[in-house]
Protein chains: 2
Amino acid sequence: MARIVQKFGGTSVGDIDRIKNVALRVKAEVDQGNEVAVVVSAMSGVTNQLVEYCSQVAPMHDAREYDMIVSTGEQVTSGLLSLALQELGVQARSWAGWQIPMITDNAHGKARILEIKGEELVRRMKQGQVAIVAGFQGIGPDNRVTTLGRGGSDTTAVALAAAINADRCDIYTDVEGIYTTDPRIVAVAKKLNKITYEEMLEMASLGAKVLQTRSVEMAMKHRVRVQVLSSFSDAPGTLVCDEDEIVEKELVSGIAYSRDEAKVTILGVEDQPGIAAGIFGPLADANINVDMIVQNASEDGTTDITFTTSRAELERALKVIKDNMQIPYRSINSDKSVVKISVVGVGMRSHAGVAQTMFTALADKKINIHIISTSEIKVSVLISEDYTELALRALHTAYGLDAA
Amino acid sequence: MARIVQKFGGTSVGDIDRIKNVALRVKAEVDQGNEVAVVVSAMSGVTNQLVEYCSQVAPMHDAREYDMIVSTGEQVTSGLLSLALQELGVQARSWAGWQIPMITDNAHGKARILEIKGEELVRRMKQGQVAIVAGFQGIGPDNRVTTLGRGGSDTTAVALAAAINADRCDIYTDVEGIYTTDPRIVAVAKKLNKITYEEMLEMASLGAKVLQTRSVEMAMKHRVRVQVLSSFSDAPGTLVCDEDEIVEKELVSGIAYSRDEAKVTILGVEDQPGIAAGIFGPLADANINVDMIVQNASEDGTTDITFTTSRAELERALKVIKDNMQIPYRSINSDKSVVKISVVGVGMRSHAGVAQTMFTALADKKINIHIISTSEIKVSVLISEDYTELALRALHTAYGLDAA
């Protein structure tokens, strides 16, 4: 007997037939003698409709009311899935965030979970009642509904699994697991059986959209074993777990890419102390995320500074720099047609030459590297977007990841 | 300065533009210096969609989950109206039933309000914040969402008005008020300026669908002054109030009709003590509502018993009688093509001849009366459905109600 949390996303509960199908999957766990809690998203399309209503009424809407409105989508699904389970003869009860309660801070629209009082849920689960929890929501200190931000249902599931000491958290989605890279681009991509928290965190923050970054952070912090699998097939998924659970470690586990990148270069900046602070301070004040940064001093006493940000924030970033730049500079240029490609693997901690393999593979294909950045378990490069597919395939082969 | 509760039904908040229009009406009350609480229904069509989902998942659905699901419609509207008011510069905050809290009993799907803890609402209203309350819902003793049954938002509004000592409860709907009879049938029907609680209660329970019966009972009990008016025009509505507030009392205030009637006659029942109990006991046990009852003893020692019930319950009623009838009888027949027409007026308490006017007017038009029943302020007759319009027009004229 195990205690399992299952999470089903919007596509998995997209219509009544799919909700009935999910009920069968839940019942299968119950029939094996497991204690089960389920976290559900809104039926696909519902949240978008509610957000659209908010925008139509008030373009700059009050976050408290936004949360009141959009949280209803998950509430409906939790009720419907409970009904579907009862119809199969399985005891089930829905739980809105405020009923558990799932206590969050006051940051409406992007709240963080502070505490889950799961005692009553566990008491009922022990009696065989499945708890169907509305994802993505909680209750704030002022007795108002909060939401965790888009994709927050993953976080709900992992936090719940941690709170009730679940043996596993199964995240059902529309893909069969975590792949070595995007299988839509690299046909020989392999599904991973296991991946470490650290690798998954890098993959998620680098654009692999299967799991929300925050949910992976939370899983890592609380050591919750997370399985990613498809609600449309019976294939085994990918287990996100502690490094100790993985016997055969690959040098590189996966190759991620992110197209949401824009590059800004400030040319001919007078080389003096404090230039980095003078540029990046105002950007931070304006809440603009900066990712990679490179500074090259040249011999004429000036320097070029290059950094990347998301495409959506590029125009705002350029304005902030032009408005705040105190230090003389020659010109600014920017480029939206870039992509960031990253190889990720805990194995590279103990192995040299991982970056070199990457540079060689790209050079062989005549792909020019704009920026390089590295961390303990990751090497990222910024290249021209035109070479995305070519680079992914070359690197996948170079690291020996191609499926047999 | 007054304290006002406004209630807007599903048609009044049917889309985003209408919600914005409602916000203007609320603002108008606020601009006059009034303290305002607003009760809203779900956007029209939303509740039906949610009920349909429930039926698709589980034909015999658990009432707790049904309530969890269908209560979301009002929650969405309350949030959207709050946003719309904020957009107009009016302070506003939405309230789900559990947040107030609006405490009900445990009868999911048809709960009764036990207590409204309105202190926090009033505190905020005094500071100029409009309270936007999700209608039709509350919270039960087990911390679960309850609903009051279809049309329950009227009851929410009146109960809230009673709880916070409002000076008036304005029910906005898609008609301009209470009419002497259905203006779609009798073109010369007049809108009433005022009507007593007692008359409104009879009208509502007789099929005038403008106000829900339970909301009128509650208004009468707590002496809440209720105004019925249109959200689509600026015409004054009808005030439902105490008899003392009405100076010029009409003999008859209105003529109601109900097509949801079916007649059952049991012929040739052996005339012995206990026959009524033997027939109506089993019907009551089966929760079948019986309205009019007539018993005629004949000279051969048998009797005929006739009663009416709603059309939807006719088949079930016939089955209950056939299964339970211990006393010998000759035959049963039934008729669905009947209508009940009622004249209502507190004036008839002190005036004789009101029923006689009715019988004469119908006889003049050769309309046969099947059953008569009377109460202190009402005379009802059951006639063939074919004569509905003819009877309504004849009676409207006979009682001098035609508009000049």
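A: Here is a quick tour, from the pairing of the chains down to single residues. Keep in mind that this is a predicted model.

Q: OK, how are the two chains related? What rotation superposes chain B on chain A?
A: A rotation of 180°, with 0.1 Å of shift along its axis. The RMSD of that superposition is 0.1 Å. The two copies are thus related as by a two-fold rotation axis.

Q: Which residue of chain B comes closest to the rotation axis?
A: Thr72(B), with its C-alpha at 2.8 Å. Both copies use the same surface, since 100% of the contact residues of chain B recur in chain A.

Q: And how many residues of chain B are in contact with chain A?
A: 28 residues of chain B, touching 28 residues of chain A. On chain B, four helices each give at least two residues to that side: H1 (16–31), H2 (46–57), H3 (63–70) and H4 (72–87).

Q: Which one supplies the largest share?
A: H4(B), with 10 residues.

Q: What's the make-up of that side by class?
A: On chain B it has 14 nonpolar, 10 polar and 4 charged residues.

Q: Switching topic. What domains does the assignment give for chain A?
A: Domain 1 covers 3–174 and domain 2 covers 256–398. Their C-alpha centres lie 38 Å apart.

Q: There's a sheet of 6 strands in chain A. What is the strand order?
A: S14-S15-S13-S16-S18-S17, an open sheet with antiparallel pairing.

Q: Which strands stand at the edges?
A: S14 (293–297) and S17 (369–375) of chain A. Each has a single partner strand, so one side of each is left without a neighbour in the sheet. From one strand to the next, the twist averages 25°.

Q: Stay on S17(A). How many bridges join it to S18 of chain A?
A: There are 6 bridges, and the two strands run antiparallel. In that pair, Ile371(A) stands opposite Leu382(A) in S18(A).

Q: Which helix lies across S13, S15 and S16 of chain A?
A: H10 of chain A, residues 314–324. H10(A) runs at about 130° to S16(A).

Q: What about the bond from Ile100(B) to Pro101(B), cis or trans?
A: Cis, with omega near -10°. Pro101(B) is in the loop between S3 (92–95) and S4 (102–104) of chain B.

Q: What is phi of Arg223(A)?
A: Near 55°, a positive value in a residue other than glycine. Arg223(A) lies in the loop between H8 (213–222) and S11 (226–230) of chain A.

Q: Is Arg223(A) buried or exposed, and why?
A: Exposed, because 10 other C-beta atoms lie within 10 Å, and the exposed class is 12 or fewer.

Q: And Asn287(B), where is that found?
A: In the loop between H9 (275–285) and S14 (293–297) of chain B. Asn287(B) has a positive phi of about 60° and is not a glycine. Asn287(B) is exposed, with 8 other C-beta atoms within 10 Å.

Technical notes:
Residues numbered from 1 in each chain as written. Chains lettered and ligands numbered in written order. Predicted model: local features only at pLDDT ≥ 70, side-chain atom pairs only at ≥ 80, totals over all residues. Contact = placed C-beta atoms within 7 Å. Nonpolar A, V, L, I, M, F, W, Y, C, P; charged D, E, K, R; others polar. Buried ≥ 20, exposed ≤ 12 C-beta atoms within 10 Å, placed from the backbone. Least-squares fit on C-alpha atoms with pLDDT ≥ 70 in both. Domains from an automatic or database assignment. Pairing = 2+ DSSP bridges. Axes fitted to C-alpha atoms, helices over the stretch in contact; angles between N-to-C directions.
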